[in-house]
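Here is a short note for someone opening this model for the first time. Please keep the structure in view while reading the points.

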Amino acid sequence: MLLHHAFILAAKNHASRIAVKDIGTGQTFTYERMLIASFILAKKVSSFRESHIGIMLPTSAGCMLSILGVLMENKVPVMLNYSTGAKENCEYARNKCNFNTIITSRKLLEAIRVTPMQGMIFIEDILKKVTLADKISAALKAKLPYSVLKKLLPKDGRESTAVILFTSGSEKDPKAVELSHKNINTNLGDVHQILRIMPEDIFLANLPLFHVFGLTIDMWLPITHGNTIVAHANPLDYRSICDSIRDNKVTVMVGTPTFYHGYLKKSQKGDFDTVRIAVAGADKLTRQIRDEYLHMHNLEVCEGYGATETSPVISTNLPGRNKPGSVGLPLPSVQVKIVDRETSEELPIGKEGKIMVKGDNVMKGYYHDIEETSLRIHNGWYETGDMGMVDNDGYLWHRGRLKRFVKIGGEMVSLVKVETVLEKLLPEGTICCAVDVPNPVKGSEIVAVVTTEEINVRHIKKMMAKELPSIAIPKDFHVIQDIPLMSSGKVNFREVEKICRNWKAKKK
């Protein structure tokens, strides 16, 4: 089933249920109202002649309606990252996907201090131009049976493109990932099954919808099954979100470890009492965050693993089926194998190598980039670019990006392992990461980045030496109080590495 068809069916079955509670605008949309509004947006979108339409909006009912409206007109939504370099991201996406029209908001542009660009259409203007005739027509259409509505909408198959999203660009230029309706639907089916989503579940939508984690789990999963969404435009509004989780009795939440850390620091006893499912992804969940949620809120935060290219979930731990430190069991429709980094031969259980993934959730490919697609997909197997291993119980253990392994003195060193050892030795609340910088003798050396000066570097190095070989001990420690992050909450390693290189150059 096409995603927007699944939404229509859910809207017909749950017309009076709240679909979206938009905290930013203070508006509440029932499923019936969402359906009517999506038909109105679809009619406005029909005047745009392009096959692809850019969408640059915060997590909100307006963003969700824009996505639905674009799909209902058999066009492809291209989700644009506005959090860092919005203007550059718009130009990059336009050149990559050959479109001009971008649905955005004046309020958003003012907030991020971006001057309106040619081709931008403002959702405020679209709403102002909605006539009484538009409303009546859409309301009458919404009353039609699903079987009739399905025939009225443009037809295309499950293999057709549902969205184009861009990879984070934390390590190299973003790639345009083309996901089909089948890709996302496969992931939705698996996640709905293993999380045992119930009709009364209320979802927190705190992640940006230009990231696949937010788009699939915060929007498509609830809105195609008749659940309620509590939408927040800014995931960094930690105290407000904690209040909202408590006041709206949220039961399902996902997020990055960075966001979970922020909510934890601003939360009070009782804020998470109604949450039954909390999953962290997109980065390593530290033991400290996991333990503090258990201690303070009696909430088990489970770690999962995924990628934009896999729609996104590959594996996850679950309450009662949680092996801390691992990223859980693969989803029912997902196959995982570990192969040798050099030979690509499949490795036995317990051996560490490259993580390969196969299933209907694997992307169609990188848009208009056959070469890059062929490098990453071989006989249906997607090469994640991550290192890991599968244990005897079938749990997947993520060891880090292949690019986050550095060769020093001829030996491969995991920067993720360096971070894991280091974080245990730092004061509570300190964030850290490790990057490599050029070394004229060894080729590379490790610099540890921390957010506080209140550390005894000599003592920390001595303690790290108990768990790591000497080549893995950071050569230097650099303090950056605000470590650069991507909008998803991941560390922006490209930016951190650049800062450290400049810092090292000045020290010489």
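Which residues lie nearest the centre of the second largest pocket?

1. The model is a predicted one. In it, Leu57, Pro58, Thr59, Ser60 and Ala233 lie nearest the centre of the second largest pocket. They belong to a lining of 41 residues.

2. The space in this second largest pocket comes to about 1,100 Å³. The largest share is that of α2, with 5 residues.

3. What is the make-up of the lining of the second largest pocket, by nonpolar, polar and charged residues? There are 24 nonpolar residues, 12 polar and 5 charged.

4. Now turn to a sheet. It is open, has 3 strands and runs in the order β24-β25-β26. Its pairing is mixed. The edge strands are β24 (432-439) and β26 (476-479), and each of them pairs on one side only. On average, neighbouring strands are turned by 35 degrees against each other, direction ignored.

5. How do β25 and β26 pair? Strand β25 (residues 443-450) pairs with β26 in the parallel sense, over 4 bridges.

Conventions: Residues numbered from 1 in each chain as written. Predicted model: local features only at pLDDT ≥ 70, side-chain atom pairs only at ≥ 80, totals over all residues. Heavy atoms only, no water. 1 Å grid on protein atoms, 1.4 Å probe; cavity = no way out; pocket = protein on both sides within 12 Å on 5 of 7 lines; lining within 4 Å. Points joined across faces, edges and corners; volume = space filled by probe spheres on them. Helix = DSSP H or I, 4+ residues; strand = E, 2+ residues; numbered from the N terminus. Nonpolar A, V, L, I, M, F, W, Y, C, P; charged D, E, K, R; others polar. Pairing = 2+ DSSP bridges. Axes fitted to C-alpha atoms, helices over the stretch in contact; angles between N-to-C directions.
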